[in-house]
Amino acid sequence: MKLNVWRNFVSKRLILLAEALQIPPVIRCSQGSICDGIQALCILLKRVSYPCRYNDIVALFAKPVPVISKITNEVLDLIYEKHSHLIEHWNHNLLSPLKLEEHRASISAKGALLDNCKADI
């Protein structure tokens, strides 16, 4: 990907997010690919923010599909390894079936688009 385009996207907030998620400066994939940590985070964010195929973002990141796939999985695994405990050990009182039902009901009362949801998180 062209560096000028990347410089426009790399902002303080993106750098802060990478630091908060403990993304290393360089991501090394098992097959030998190397990627800048910020770019790897951007690849993951692009992939999960809007439904797209890997082939759709090849031009954006100037990497072949298998490399984009590996980078996405590496960053996702890294985030999971470092931060999964935050989700797995959440306050279960907040996520109890009763609280989730209250939350769903309040969203439905405000005019939710979907009326068949059992819970929202």
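Q: Cys35: buried or exposed?
A: Buried, because its relative accessible area is 3%. Buried means under 20% relative accessible area, exposed over 50%, and partly exposed in between, with a 1.4 Å probe and protein chains only.

Q: What kind of model is this, and how are residues numbered?
A: The model is predicted: local features need pLDDT of at least 70, side-chain atom pairs count only at pLDDT 80 or more, and totals for chains, interfaces and linings use all residues. Residues are numbered from 1 along each chain as its sequence is written, and side-chain values use heavy atoms, with hydrogens and water left out.

Q: Back to cysteines. How many disulfides?
A: Zero, in a search of the whole structure. A disulfide here is a pair of cysteine sulfur atoms within 2.5 Å.

Q: Which cysteine sulfur is nearest to Cys35?
A: That of Cys29, 7.3 Å away. Cys35 is in no disulfide.

Q: And Cys52, buried or exposed?
A: Cys52 counts as buried, because its relative accessibility is 11%.

Q: What's the overall layout?
A: Six helices and two strands. Along the sequence the pattern reads α-α-β-β-α-α-α-α. Helices (H or I, at least four residues) and strands (E, at least two) are DSSP runs, numbered from the N terminus.

Q: What share of the chain is buried?
A: 27% of the 121 residues.

Q: How much accessible surface?
A: About 8,900 Å² for the chain, with 60% belonging to carbon and sulfur atoms. Areas come from the Shrake-Rupley method with a 1.4 Å probe; for residues, only the protein chains shown count as cover.

Q: Switching to Thr72. Where does Thr72 lie?
A: In helix H5, residues 65–88. Thr72 counts as buried, because its relative accessibility is 4%.

Q: Which residues does Thr72 touch?
A: Ile43, Leu44, Arg47 and Tyr54, not counting residues up to four places away in sequence.

Q: How do Arg47 and Tyr54 sit?
A: Arg47 lies over the face of Tyr54, 4.0 Å from the ring centre. The test is NZ of Lys or CZ of Arg within 6 Å of the ring centre and within 35 degrees of the ring normal.

Q: Now Ser33. Where is Ser33?
A: In the loop between S1 and strand S2 (34–36). Ser33 counts as buried, because its relative accessibility is 16%.

Q: What is Ser33 joined to, and what does Ser33 touch?
A: A polar contact of 2.7 Å joins the side chains of Ser33 and Gln31. A polar contact is a pair of N or O atoms within 3.5 Å; within protein, one must be able to donate a hydrogen and the other to accept it, and residues adjacent in sequence count only if both atoms are side-chain atoms. Ser33 touches Ile27, Arg28 and Val67, leaving out residues up to four places away in sequence.

Q: Which residues have a positive phi without being glycine?
A: Gln22, at about 60 degrees, is one of them. Ala62, at about 55 degrees, is another. Most residues other than glycine have a negative phi.

Q: Where are Gln22 and Ala62?
A: Gln22 is in the loop between helix H2 (12–20) and strand S1 (26–28). Ala62 is in the loop between helix H4 (58–61) and H5.

Note on methods
Contact means heavy atoms within 4.5 Å.
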